[in-house]
Amino acid sequence: PLMLGLAFVGFIFSLLVSLLLIRHARRHALQYADGLPQRFHVGHIPRVGGVAIFTGVVFGVLAGPVLHAMGVSTNIPLTFKDWALWCVVLAPIVAGGVYEDLTARLSARWRLLITGGAALLACWVMGLNVPRLGIGWIDAFWMSMPFLGVALAFIGLAGLPHALNIIDGFNGLAGIVTALICLALAHVSLQVGDRQIAAFMLVTVGATAGFLYWNYPRGLMFAGDGGAYLWGGSIALGAVMLVSRHRDVSPWFPMLLTIYPVWEVTFSTYRKMGRGVSPTVPDSIHFHMLIYRRIVRGVFHDDETRRMLIRNNRTSPYLWGFTGLTVVPAVLFWNNTPVLMLFCVLFVVSYLWMYISIIRFKVPRWLRR
């Protein structure tokens, strides 16, 4: 109950700060052009939801050590030092994303440098690494060279924020995907007795829910780069910490959990480089965009804003279901590396089959109903 109480604190702070931002932060949205390929709404919507979500996470996690200092037994090993470390690691990537949301002047190179710097900081001050791959004949070599584990942790911490940012295209899409992944991480954390990571993940879910109240289905606020970077950074932190601390947890468990955003950014990079285009250049043929254009049925409504909002909202559930196909087996087989690897391969094959089918207008009829 106390762990859920921390999540509720995160929810309330995120909810209220979101409301304030909706009322007072609309002017910055005027600078975004209407013709951007990733724009699927009408009107000027504030995209600083990352501020609200981060506020919820900060105060939700802080409630743990505060209660302990007041003499309340929480049975959650959260200290002020833990809280400060998480804030120090996450604050730079949120700040960089929010700056881009407010000004649209921070280049992709600078955003990569910021997330990379935050990842280096996390690996240094928190001692993060991926100590094994769960494959017997590789693990002996892997453990003999510790820098490989640190390098893999760095790649995950630096890359996942951008992966979440890529799939953050429709109301509720990245937020619900984040909530599902965090709940799975919290569940397995409790299975291995790590209440600290579980609390952090549940607070992230609570803060995300406070934002989602305004985001889905009404579309009154967007998470922006700041919110997506926070989601990716929080998931990466929880996943690397869980694998690093508990040998029973397969390193392929977080891989399967995050395979949708990870494969989306990997495939998008390959697709763009194959056309001689920089991976940082936005386009309009990401998987979720194709679903919006070629699977979600048109909506008949006199108001263009309302018509686009309804189609926007109808797109996200397709991707929630797609994510569920990875989250459920990940939770069921979190300590079984061969099975987790098999499901990762099945996801990639399914993704490519669906993507090619949509591109070639060969979508199964049942998906269009």
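Colleague: How many helices and strands does the protein have?
Modeller: Happy to start there. Helices (H or I, at least four residues) and strands (E, at least two) are DSSP runs, numbered from the N terminus. This is a predicted model, where local features need pLDDT of at least 70 and side-chain atom pairs count only at pLDDT 80 or more, while totals for chains, interfaces and linings use all residues. The secondary structure comes to 14 helices and zero strands.

Colleague: What is the radius of gyration of the protein?
Modeller: This value is taken over C-alpha atoms, and the globule rule is 2.2 Å times the number of residues to the power 0.38. For 369 residues that rule gives 21 Å, and the protein comes close to it, so it is as compact as a globular protein of that length. The radius of gyration is 20 Å.

Colleague: Which residues have the most contacts inside the largest nonpolar core?
Modeller: A nonpolar core is a set of buried Ala, Val, Leu, Ile, Met, Phe, Trp, Tyr and Cys residues joined through side-chain atoms within 4.5 Å. Residues are numbered from 1 along each chain as its sequence is written, and side-chain values use heavy atoms, with hydrogens and water left out. The largest core has 104 residues, and those with the most contacts inside it are L185, L237, F253 and F287.

Colleague: Which helix gives the largest share of this core?
Modeller: The core has 104 residues. Its largest share, 12 residues, comes from α8.

Colleague: Is M201 buried or exposed?
Modeller: M201 lies in helix α8, residues 195-215. Buried means under 20% relative accessible area, exposed over 50%, and partly exposed in between (1.4 Å probe, protein chains only). At 0% relative accessibility, M201 counts as buried.

Colleague: Which residues does M201 touch, not counting residues up to four places away in sequence?
Modeller: Contact means heavy atoms within 4.5 Å. M201 and G238 are 37 residues apart in sequence and 7.0 Å apart in space, C-alpha to C-alpha. With sequence neighbours up to four places away left out, M201 touches C182, L185, A186, S234 and G238.

Colleague: Which residues of α12 are buried?
Modeller: Helix α12 covers residues 287-294 and is mostly covered, with six of its eight residues buried. Those are F287, H288, M289, L290, I291 and Y292.

Colleague: Is M70 buried or exposed?
Modeller: Look for M70 in the loop between α2 (49-69) and α3 (80-103). Its relative accessible area is 62%, so M70 is exposed.
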